[in-house]
Amino acid sequence: MLNFLGKIIIQGDIVVKTGLRIGGYAGGLKIGGVDLNVITTPEGKPYIPGSSLKGKLRSLIERKLAAENPQFWNVKDNKGNIVGHKCQSSEEYQLCPVCKIWGIAVTEELNVPTPTRLIVCDAYLDDKSITPQMKDNLELPYTEIKFETAINRLTGTALHGSLRQIERVPAGAVFKDAEMIYNVFDEEDKNILKNIFIALELLENDYLGGMGSRGYGRVAFQNIRIYWNKRENYETGEIDLIPERVLNQDLGTTPAEIVRNFQQLIEKIA
Ligand SMILES: [Zn+2]
């Protein structure tokens, strides 16, 4: 039997710290010469697909939990490489923040409801974050083109034919008012919510998108606002995301601040 207590709405801004590349079509369908494009909306503006952000957050929290409990990573690919985690039993699922929050494919072994708690929406670029000065130096209206080569480590020179043009969202760009929705089905769901903010902290010290080992994709989360729409609010229409309803007033607006003050936050989710 599944209850429904309400929804926690998390909004915030994703600030690009180093050039961000979330791939669109390979092969330069849009612009001649660019080998690797970023994904864009139909208007041609870069965006961050919610699925990319959600998947990255999951992999980071899985890696953390696997470091604490090596058995946690239990899914292998067909070559036998360990690739992640999936609960194998209902008992395990009841104690698993990852499958509860991020979801699990329906399997016959789990004869309990397994609704996904977390929805991550696509995040759109704030035009104003691309300043006129930045525009003067960008190769494209919202993005920069970077040349990358593979280097021959013996000679220190570029491998022949390896020069590629890579499109990326420039440092300083902001994806404003990004949104996540978290469904709360029982009291324990309020406690495990902390994992989302821990995952955001981990992502700030990791990378989003491609080519992270080349320094791409550092991001920061700022201006976080958290709202609690309990079930009764939907019956009375009191679900407006107005400043007076922000739960984390005085508790900070970054992932680290919210993790530090998490206990005070959940006391407000009544
Ligand atoms: Zn699990």
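A residue is called buried here if 20 or more other C-beta atoms lie within 10 Å of its own, exposed if 12 or fewer do, and partly exposed in between, with C-beta atoms placed from the backbone. Keep in mind that this is a predicted model: local features need pLDDT of at least 70, side-chain atom pairs count only at pLDDT 80 or more, and totals for chains, interfaces and linings use all residues. Residues are numbered from 1 along each chain as its sequence is written.

Let's start with helix α1, residues 50-68. Helices (H or I, at least four residues) and strands (E, at least two) are DSSP runs, numbered from the N terminus.

Why does E62 count as buried? Because E62 has 20 C-beta neighbours inside 10 Å. Leaving aside neighbours within four places in sequence, E62 is in contact (C-beta atoms, placed from the backbone, within 7 Å) with W73, G84, H85 and V98. Q88 sits 26 residues away from E62 along the chain, and their C-alpha atoms are separated by 15 Å.

Now for the sheet. Four strands form an open sheet in the order β7-β11-β1-β12, with antiparallel pairing. Two strands pair if DSSP finds at least two bridges between them. β7 and β12 are the edge strands, each pairing on one side only. From one strand to the next, the twist averages 20°. Helix α6 packs on the sheet and touches β7, β11 and β12, while its direction makes about 170° with that of β12. Such angles run from 0 to 180 degrees between N-to-C directions, with axes as lines fitted to C-alpha atoms, for helices over the stretch in contact.

Zoom in on β7 and β11, which pair in the antiparallel sense over three bridges. There, L118 stands opposite Y182 in β11. Beyond its neighbours within four places in sequence, Y182 is in contact with K7, I8, I10, R117, L118, L193 and I196.

Y182 also turns up in the largest nonpolar core, which has 53 residues; I14, Y182 and I196 have the most contacts inside it. Such a core is a set of buried Ala, Val, Leu, Ile, Met, Phe, Trp, Tyr and Cys residues joined through C-beta atoms within 7 Å. Among the elements giving two or more residues to this core are α1, β11 and α6.

Conventions: Two residues are in contact if their C-beta atoms, placed from the backbone, lie within 7 Å.
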